Amino acid sequence: MALAFDEFGRPFIILREQDQKTRLRGIDAQKANIAAGKAVARILRSSLGPKGMDKMLQGPDGDVTITNDGATILEQMDVDNQIAKLMVELSRSQDYEIGDGTTGVVVMAGALLEQAERQLDRGIHPIRIAEGYEMASRVAVEHLERISQKFEFDVNNYEPLVQTCMTTLSSKIVNRCKRRLAEIAVKAVLAVADLERRDVNLDLIKVEGKVGGNLEDTELIYGILVDKDMSHPQMPKQIEDAHIAILTCPFEPPKPKTKHKVDIDTVQKFETLRKQEQQYFDEMVQKCKDVGATLVICQWGFDDEANHLLMHRNLPAVRWVGGVELELIAIATGGRIVPRFQELTPEKLGKAGMVREKSFGTTKERMLYIEHCANSKAVTIFIRGGNKMMIEETKRSIHDALCVARNLIRNKSIVYGGGAAEIACSLAVDAAADKYPGVEQYAIRAFAEALDSVPMALAENSGLQPIETLSAVKSQQLKENIPFYGIDCNDVGTNDMREQNVFETLIGKQQQILLATQVVKMILKIDDVISNSEY
């Protein structure tokens, strides 16, 4: 490093190129990468399972998040290391694809990295470890397919769906009323599901929250909930058999596009202008009345004059409704979004059996319920809770439950939870290792050991003796050859997950194993890390 001066006498520092870069090669690079991946997995390990702990994260602007949802924890964490960022991406892709199991997938990847480190110490080449992991993951995924069970359900008998959603909710903060929330999630998914095509559009399920009330007051509304009230306090608070005009044009006189200036120097001119404006409003309101609208929902605002006129003409109106909500209202009521008053026709009106305004507690807060819609394809889950953090965490929990119900509609297969599926796969992978003569068999055995880390973490978090509990359950599975035995986290007294009704979706579990293996393979293949130094 040297100091030099330019032609104007300003000093600048010359750095040699190599000073700018730090470099890790070969085994050191792999060890450093594995350490970073393990550090992230260790953070999430304690929040796995029904007795898992929550994490409190403070954002840069002081807002606090309390959660045990893996994807949310990693999303909010400030991660600098590139390998740690890969783990964040891993949980995000599990969240996007499956919606549940975001903690498990990171714990699994961390365990695989830990086992890979031991193999590297034995002198096994990283590529051979990666290939062994790939073979083992194929064995595990096929074995999951074999031990899975099909769940038969229909719109009237949705108990299996509820049981599976309860499993995902039991590890959340809302587990005290998991039965009720699971039923709400399943009913919401079935309301918007296309069972013939086996498809669910989760955009049609809106999740709203309001501070106040109990968690038990959470309800499912077959319709749309809008966080707005009527634009005038004297408008009717309840409209039955409503015909709704959904507008994206404001109740205002049109403004010229160019710059303009109006000179008003006499009372007559002002009167003329006022009459002109009133005529505009009159025409707008009349158009809405002529097509038979009994409620106007507008994306924009309107001034007091328009509001007064709407009130006098008995045309209730709601203003400042967001674009996404407008679309949902249009889908639910079968209406069309109208951009200009001239295009209003009776066919474009949405229909709802009941529109009512409801106020909460002692506050002035009011919301609009649009229920019994003509095309009830859009539903709203309305969450109540003691504070904002509780509501946010409940929203995340409900999202996981909705995703689980959607996955079961796509694919009816389930496996048993509580670590039962992982132990069964571990035994299968261990048995398969003998069929491979090469060095890969060490990696395959290591994969089997890594699979045990999930039930081990469950036992640890539940306050049980981890190694004792795991070996007892493992020997039970081996002896009886039944893949339903898992860790008794809730201390019910039985290891049989069928009796405890602990289920997980097959595609969620398979995805966990595949994604974790892919990321670990990628990390193992890095042998040179070149990073700029901190200048």
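Which residues in α4 meet α17, and which residues of α17 do they meet? The model is a predicted one, and in it G104, V105, M108, A109, L112, L113 and A116 of α4 are in contact with Q512, L515, A516, T517, V520, I523 and L524 of α17. By class, this contact of α4 with α17 comprises eleven nonpolar and three polar residues, with no charged ones.

## Helix packing

Two packed helices are described by the angle between their axes and the distance between the axes.

| Helix pair | Angle between axes | Distance between axes |
|---|---|---|
| α3 and α17 | about 160 degrees | 10 Å |
| α12 and α13 | about 165 degrees | 8 Å |
| α4 and α17 | roughly 40 degrees | within 9 Å |

The axes of α4 and α17 cross at roughly 40 degrees, which makes α4 oblique to α17. The handedness of the crossing of α4 and α17 is right-handed.

Helix α17, spanning residues 506–524, also packs with helix α3, spanning residues 82–97, at an angle of about 160 degrees. That angle makes α3 roughly antiparallel to α17. The crossing of α3 and α17 is right-handed. On the α3 side, the contact involves I83, L86, M87, L90, S93, Q94 and E97, and on the α17 side G508, Q511, Q512, L515, A516, V519, M522 and I523. The classes represented in the contact of α3 with α17 are nine nonpolar, five polar and one charged. Q512, L515, A516 and I523 of α17 are listed in the contact with α3, and Q512, L515, A516 and I523 are also listed in the contact with α4.

A further pair is formed by helix α12 (residues 420–433) and helix α13 (residues 440–451), whose axes are 8 Å apart at an angle of about 165 degrees. These two helices are therefore roughly antiparallel to each other, and the crossing of α12 and α13 is left-handed. E422, C425, S426, V429, D430 and A433 of α12 meet Q441, I444, R445, F447, A448 and L451 of α13. The contact of α12 with α13 has seven nonpolar, two polar and three charged residues.

## Sheets and a hairpin

Strands of a sheet pair through backbone hydrogen bonds, either parallel or antiparallel. In what order do the three strands of the mixed sheet stand? The order is β9-β18-β10, and the sheet is open. The edge strands are β9 (205–211) and β10 (219–221), each of which pairs on one side only. From one strand to the next, the twist averages 25 degrees. β10 runs antiparallel to strand β18 (residues 379–385), to which three bridges join it; L220 has I381 as its bridge partner in β18. Helix α11 (residues 388–410) packs on this sheet, where it touches β9 and β18, and its direction makes about 160 degrees with that of β9.

A second open sheet has three strands in the order β6-β19-β20, with antiparallel pairing. β6 (149–150) and β20 (503–505) stand at its edges with a single partner strand each, so one side of each is left without a neighbour in the sheet. Strand β19 (residues 413–416) is joined to β20 by three bridges, and V415 stands opposite E504 in β20.

Strands β1 (residues 2–5) and β2 (residues 11–14) pair in the antiparallel sense over four bridges, with I13 in β2 as the bridge partner of L3. β1 and β2 form a hairpin with five residues between them, and G9 in the turn has a positive phi of about 85 degrees.

## Two buried positions

L120 lies in helix α4, residues 102–121. Is L120 buried or exposed? L120 counts as buried because its relative accessibility is 6%, under the 20% cut-off. L120 touches I27, Q30, I34, P126 and I129, leaving aside residues up to four places away in sequence. L120 and I27 are 93 residues apart in sequence, while their C-alpha atoms are 7.9 Å apart in space.

S453 is found in helix α14, residues 453–461. With 10% relative accessibility, S453 counts as buried. Leaving aside residues up to four places away in sequence, S453 touches R45, V107 and A111.

Methods: Residues numbered from 1 in each chain as written. Predicted model: local features only at pLDDT ≥ 70, side-chain atom pairs only at ≥ 80, totals over all residues. Heavy atoms only, no water. Axes fitted to C-alpha atoms, helices over the stretch in contact; angles between N-to-C directions. Parallel < 35°, antiparallel > 145°, perpendicular 65-115°, else oblique. Left-handed = near helix turned anticlockwise from the far one by under 90°. Contact = heavy atoms within 4.5 Å. Nonpolar A, V, L, I, M, F, W, Y, C, P; charged D, E, K, R; others polar. Buried < 20%, exposed > 50% of the residue type's maximum accessible area, 1.4 Å probe, protein only. Pairing = 2+ DSSP bridges.
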